[in-house]
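Hi,

Here is the structure we talked about. Please have a look at it first, then read my notes below.

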Amino acid sequence: MASLKEIRQRIRTAKNIQQITRAMKLVAAARLTRAKIRVEEARPFSEKMREFISQIGAAGDLPTNPLLERREVKKTCLVLMTAERGLCGSFNTNVIKRAGEFLGEPKDDQVLFSVGKKGAQFFGKRGHNVIDEMTLPTAGPQLEHAVELTNKLREMFISGEVDSIQLCYSKFYSPIRQEPQVVQILPIEPPEAEETDDAANLDFQFEPDPETLLDLLLPKYLLTIVFQAMLESSASEHGARMTAMSSATDN
């Protein structure tokens, strides 16, 4: 049976841990507020860009463009977005599990690009080929980080180093709901436009010419997808950490 002195020591230890978890909860809540605002502000632009691309796709056969090139998939790259550190509940576990379902066992025709340390650490120890790793600030990603990542992915695809690039990230819905998902970002496949009675009668006139328009538009569309995923992942991480630290404080 524990002595009175040992019981008092355990109480002090529990109170000290409670102060730490409460502080972490408050920090995560403040960061979540900013991250949520950024996600909500970015979504309308992302949705409008997706709508615009779908409308162009409805114009018929598009001109050739390196980002639209479909070829035999000999090597696939998965871009995995995780956190830089733990103590964020099941956030890392869920997104790593979804990536694991996509990758399966280590294969020569699959490579991994990790955004965040946790993904690289997990899959690197299990024999997967982690070709690169990108670190993001704790406060959240900035546009320059999305530009850097997008340029690397474009170069890998256009050079033929990989034939398909998939993106695995956690979409933010609320502090207690984040859903990991895998989406293809290269080659770009225009989203399907909603079918309407007038869809067959649409007449498109391009200014400038379609080739120039795609050269300008597709890189911006790719950047929009990557940056939106970064923002969604950041908000999901802060939401999961706030929830986890709240539970730890109560416990």
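What is the volume of the second largest pocket? About 180 Å³. Keep in mind that this is a predicted model.

Let me stay with that pocket for a moment. Its lining consists of Ala42, Phe45, Ser46, Leu143, Lys220, Leu223, Thr224, Phe227 and Gln228. Two elements, H1 and H5, each give two or more residues to this lining. H5 contributes the largest share, five residues. By class, five of the lining residues are nonpolar, three are polar and one is charged.

Now the largest pocket. The space in it comes to about 460 Å³. It is lined by 20 residues, and the closest to its centre are Arg50, Tyr169, Val183, Tyr221 and Ile225. H1, S4, S5 and H5 each supply two or more residues to the lining. Again H5 gives the most, here with five residues. The lining has ten nonpolar, four polar and six charged residues.

Next, the overall build. The protein chain has five helices and five strands. Read from the N terminus, the order is α-β-α-β-α-β-α-β-β-α. The C-alpha trace spans about 85 × 40 × 30 Å along its principal axes. The chain has 251 residues, and 39% of them count as buried. Take the contacts between residues at least 6 apart in sequence: 75% of these join residues at least 24 apart.

The largest nonpolar core holds 45 residues. Val79, Phe113, Leu149 and Ile165 have the most contacts inside it. Several elements give two or more residues to this core: helix H1 (4-57), strand S1 (76-81), strand S2 (110-115), H4, S4, strand S5 (177-186) and helix H5 (210-250). The largest share is from H5, with 14 residues.

Leaving out residues up to four places away in sequence, Leu149 touches Val79, Met81, Phe113, Val115, Met134, Val226 and Met230. Another core lies apart from the largest one. That other core has ten residues, including Leu78, Ala99, Leu103 and Cys168.

One more residue to look at is Asp163. Where does Asp163 sit? Its place is the loop between helix H4 (143-158) and strand S4 (164-174). Is Asp163 buried or exposed? Asp163 counts as buried because its relative accessibility is 9%, and the cut-off for buried is under 20%.

The Asp163 side chain has polar partners. It makes a polar contact of 2.7 Å with the side chain of Arg71. A polar atom of the Asp163 side chain also lies 2.9 Å from the backbone nitrogen of Lys74. Not counting residues up to four places away in sequence, Asp163 touches Arg71, Glu72, Val73, Lys74, Lys75, Phe157 and Pro187.

- The largest pocket, with Arg50, Tyr169, Val183, Tyr221 and Ile225 closest to its centre.
- The second largest pocket, where Lys220 and Gln228 are among the lining residues.
- Asp163, for its side-chain contact with Arg71.

Best wishes

Methods. Residues are numbered from 1 along each chain as its sequence is written. This is a predicted model: local features need pLDDT of at least 70, side-chain atom pairs count only at pLDDT 80 or more; totals for chains, interfaces and linings use all residues. Side-chain values use heavy atoms; hydrogens and water are left out. Helices (H or I, at least four residues) and strands (E, at least two) are DSSP runs, numbered from the N terminus. Buried means under 20% relative accessible area, exposed over 50%, partly exposed in between (1.4 Å probe, protein chains only). A polar contact is a pair of N or O atoms within 3.5 Å; within protein, one must be able to donate a hydrogen and the other to accept it, and residues adjacent in sequence count only if both atoms are side-chain atoms. Contact means heavy atoms within 4.5 Å. A nonpolar core is a set of buried Ala, Val, Leu, Ile, Met, Phe, Trp, Tyr and Cys residues joined through side-chain atoms within 4.5 Å. On a 1 Å grid over the protein atoms alone, a cavity is a set of points where a 1.4 Å probe fits but cannot get out, and a pocket is an open set with protein on both sides within 12 Å along at least five of seven lines; lining residues have an atom within 4 Å of a point. Grid points are joined across faces, edges and corners, and a volume is the space filled by probe spheres set on the points. Ala, Val, Leu, Ile, Met, Phe, Trp, Tyr, Cys and Pro count as nonpolar, Asp, Glu, Lys and Arg as charged, and the others, Gly among them, as polar.
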